[in-house]
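Okay, thanks for making time, everyone. I'd like to walk you through who touches whom in this one. Have a look first.

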Amino acid sequence: MPPGAEPVKATLDLINQMQADGVIGKYAIGGAVGATLYLEPAATLDVDIFVNLRADPGGLLLSLAPIYDYLKAHGCPLKDEHIVIGGWPVQFLPLSDDLEREAVAQAISATVEGVSTRVMSAEHLVAIALRTGRSKDHIRILQFIEQNAVNREKLQSVLERHGLTAKWKQFERKFLDGSHE
Amino acid sequence: MSKREMRARLAALSFTEKIRILEKLRNRSLAFAASGMRPKIAETPGQAEDEKQRLRKEEK
């Protein structure tokens with residue numbers, strides 16, 4: 001096994017421990033690893049964790065510092081914008097808007113090697129990918145559609161709630177024209 | 001088995017099984033990177049051309 005290559009289980013164990021210790025609130029896996037719950041596995045080098053940060057008592061600003069302090073104390077090194085937990089670079093993404101808050105609140109329970117975790121719903125993963133809008137996000141959305149891995153009614157509802165309907169129509173015109181009905 | 005069938009079969013695996021595949025894919029990438037087998041990623045077209053020439057020389 002190459003250096004740094006350890007199971008995701010170890011990563012999730014420590015994140016769950018951090019949650020149990022009160023450093024973070026609810027979290028959900030997003031990005032490529034989250035999409036793996038619904039799609040065929042696709043190579044990725046990191047894990048995106050959307051996290052509900054706990055504000056310091058009396059503080060107004062939310063900070064990632066408690067997460068980094070906790071993980072550094074547990075021997076996790078920093079690497080660019082990631083912190084390496086159990087061999088996997090993890091990016092913690094504080095919830096920045098209602099879509100992400102809803103995605104974490106409605107995340108689905110899953111288990112990896114017996115370790116419990118939470119993964120965003122397919123509809124929220126698609127909505128966030130649509131909003132992010134890079135080429136790899138568009139490819140992932142197309143995979144969800146092609147593999148019938150997303151509930152179209154639920155997706156429409158999420159898109160409407162979060163003002164993404166026009167962007168979805170644009171996406172449909174560009175990538176799904178004539179193939180989605 | 002067609003590519004579409006293979007993709008459907010992979011998608012139908014459990015999350016644990018799919019994460020194991022993800023780990024294997026990542027381990028393979030790390031092993032390539034550690035062995036130096038992966039060509040250097042060029043940041044400019046000039047560097048890309050240099051890399052092509054280097055690989056051609058290595059092939060000879």
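Quick definition before we start: I call two residues in contact if their C-beta atoms, placed from the backbone, lie within 7 Å. Also, this is a predicted model, where local features need pLDDT of at least 70 and side-chain atom pairs count only at pLDDT 80 or more, while totals for chains, interfaces and linings use all residues. Residues are numbered from 1 along each chain as its sequence is written, and chains are lettered from A and ligands numbered from 1 in the order in which they are written.

So, the two chains. Chain B puts 18 residues into the contact, and chain A puts in 22. On the chain B side, α1 (3–11) and α2 (15–35) are the elements giving two or more residues; helices here are DSSP runs of H or I, at least four residues, numbered from the N terminus. The largest share comes from α2(B), with 14 residues. What's the make-up of that side by class? We get 11 nonpolar, three polar and four charged residues. For those classes, Ala, Val, Leu, Ile, Met, Phe, Trp, Tyr, Cys and Pro are nonpolar, Asp, Glu, Lys and Arg are charged, and the others, Gly among them, are polar.
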